[in-house]
Amino acid sequence: AAAEKGGFETFMRKEIHEQPAAVADTLRGRIDETGQIVLDEVRMSDQDFRDVDKVFIIACGTSYHAGMVTKYAIEHWTRIPCEVELASEFRYRDPVLDRSTLVIAISQSGETMDTLMAVRHAKDQKARVLSISNTVGSTIPRESDAVLYTRAGIEVAVASTKAFLTQLAACYLVGLHLAQVRGIKYADEVSAVLDELVAAPGKIAKVIEHLDPVRQMARDCAAAGTDRVLFIGRHVGYPVALEGALKLKELAYLHAEGFAAGELKHGPISLIEDGTPVIAIVPSPRGRSLLHDKIISNIQEVKARGAKVIAVCEEGDRITSAHADLVIETPASPTLLAPLLTAVPLQEFAAELATALGRDIDQPRNLAKSVTVE
Ligand code: G6P
């Protein structure tokens with residue numbers, strides 16, 4: 001069993017460490033020398049992609065968080081309206097779809113019942129379905145019109161890590177491809193982002209090399225008897241906050257919640273007591289500095305109420321280090337790609353905190369790797 005885990009204590013730890021390779025594998029062969037994205041295996045022509053006038057993303061759990069990030073990316077790069085919805089909600093209502101709607105179904109296992117039913121619901125309305133899955137030949141890809149496989153390899157731990165990062169990579173490829181075939185005005189930006197995407201595995205590896213401080217913070221939280229952790233973020237930092245909270249719920253059985261930082265004053269701020277840990281996902285101070293300013297004021301707001309702020313920020317972000325109690329630095333990256341980096345310390349944080357509490361992080365109670373029932 002130890003050999004299966006490649007020298008790691010748990011599958012989850014092994015899978016966290018496999019992320020740079022998993023992302024690199026998922027990108028391999030899908031970007032040609034001229035910087036064009038080639039998705040031949042997807043069986044959708046450039047014309048099919050040009051005909052799309054609306055995108056609907058459906059998924060559950062961690063895959064849904066990948067979908068949320070994708071919405072920000074697709075709308076920014078392509079200007080095509082994009083909605084993202086939990087499969088279990090989508091399937092029981094009357095979403096407005098037609099032949100020119102592209103439905104992207106994200107499912108690691110390819111077997112999640114709600115996502116499968118949502119795919120059927122979309123197909124009944126003639127929408128075209130592209131699935132993003134890690135499992136070749138599974139049901140959702142088989143029932144979809146097209147599929148783009150992630151290449152994370154088998155993910156054993158119940159809590160998703162490497163599958164999530166590869167879903168992001170695959171979704172970025174789809175978004176950038178949509179932009180390229182439609183000749184969108186952001187051509188320069190698209191090629192710059194592609195270069196950054198190719199550089200992402202190296203940066204993820206760097207994040208993984210520097211997880212010791214995160215582990216220490218997690219052990220300190222466990223030792224302090226922390227009973228709740230709040231996560232805040234804006235823009236793509238918001239789904240990362242949700243994912244960080246989900247990991248902690250799944251693994252540590254702690255009350256963890258992610259919020260859009262702008263919503264703090266509409267309720268969540270009342271949860272903060274002296275010493276409550278708040279993990280803030282801080283966007284790059286470069287470029288969209290407005291977002292950065294906003295999250296700094298959110299950090300000040302929660303600190304004024306006694307929160308202990310751990311900020312995940314870009315390396316060298318002095319403003320954030322001056323305001324937060326602790327910082328976790330990640331390499332610089334374009335805003336939309338940052339989740340590939342910022343999600344990683346949150347995975348480790350949850351794994352370490354849960355381990356300190358004596359939990360079985362590969363097999364958390366009450367959870368299944370694949371939810372094939374309703
Ligand atoms: C379960 C798993 C999660 C996963 C979700 C969706 O809840 O424990 O890790 O994100 O199902 O699974 P899927 O295979 O459709 O991505």
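**Note on the fold and the ligand site**

1. Five strands build an open sheet, ordered E2-E1-E3-E4-E5, and the pairing is parallel. Strands here are DSSP runs of type E with at least two residues; helices are H or I runs of at least four, and both are numbered from the N terminus. Two strands count as paired if DSSP finds at least two bridges between them. Strand E2 (82-86) and strand E5 (146-149) are the edge strands, each pairing on one side only. From one strand to the next, the twist averages 20°.

2. This is a predicted model, in which local features need pLDDT of at least 70, side-chain atom pairs count only at pLDDT 80 or more, and totals for chains, interfaces and linings use all residues. Residues are numbered from 1 along each chain as its sequence is written. The protein averages a pLDDT of 95, and 99% of the residues score at least 70. pLDDT is the predictor's confidence in each residue, from 0 to 100. The scores are ipTM 0.98 and pTM 0.97.

3. Strand E3 (residues 101-107) pairs with strand E4 (residues 128-133) in the parallel sense over 6 bridges. Ile-106 stands opposite Ile-132 in E4. Helix H8 (residues 162-181) packs on the sheet and touches E3, E4 and E5. Contact means C-beta atoms, placed from the backbone, within 7 Å. The direction of H8 makes about 145° with that of E4. Axes are lines fitted to C-alpha atoms, for helices over the stretch in contact; angles run from 0 to 180 degrees between N-to-C directions.

4. E1 and E2 pair in the parallel sense over 5 bridges. Phe-56 stands opposite Glu-83 in E2. The chain crosses from E1 through H4 to E2, and this β-α-β crossover is right-handed. That is, with the strands pointing away from the viewer, the path from the first strand over the helix to the second runs clockwise.

5. Helix H4 (residues 61-78) also gives the largest share of the shell around the ligand, 3 residues. The ligand has 16 residues around it, and Gly-61, Thr-62, Ser-107, Ser-109 and Thr-112 come nearest. A residue is near if its C-beta atom, placed from the backbone, lies within 6 Å. By class, the shell has 5 nonpolar, 10 polar and 1 charged residues. Nonpolar covers Ala, Val, Leu, Ile, Met, Phe, Trp, Tyr, Cys and Pro; charged covers Asp, Glu, Lys and Arg; the others, Gly among them, are polar.

6. Another open sheet of 5 strands has the order E7-E6-E8-E9-E10, with parallel pairing.

Notes:
Contact = placed C-beta atoms within 7 Å.
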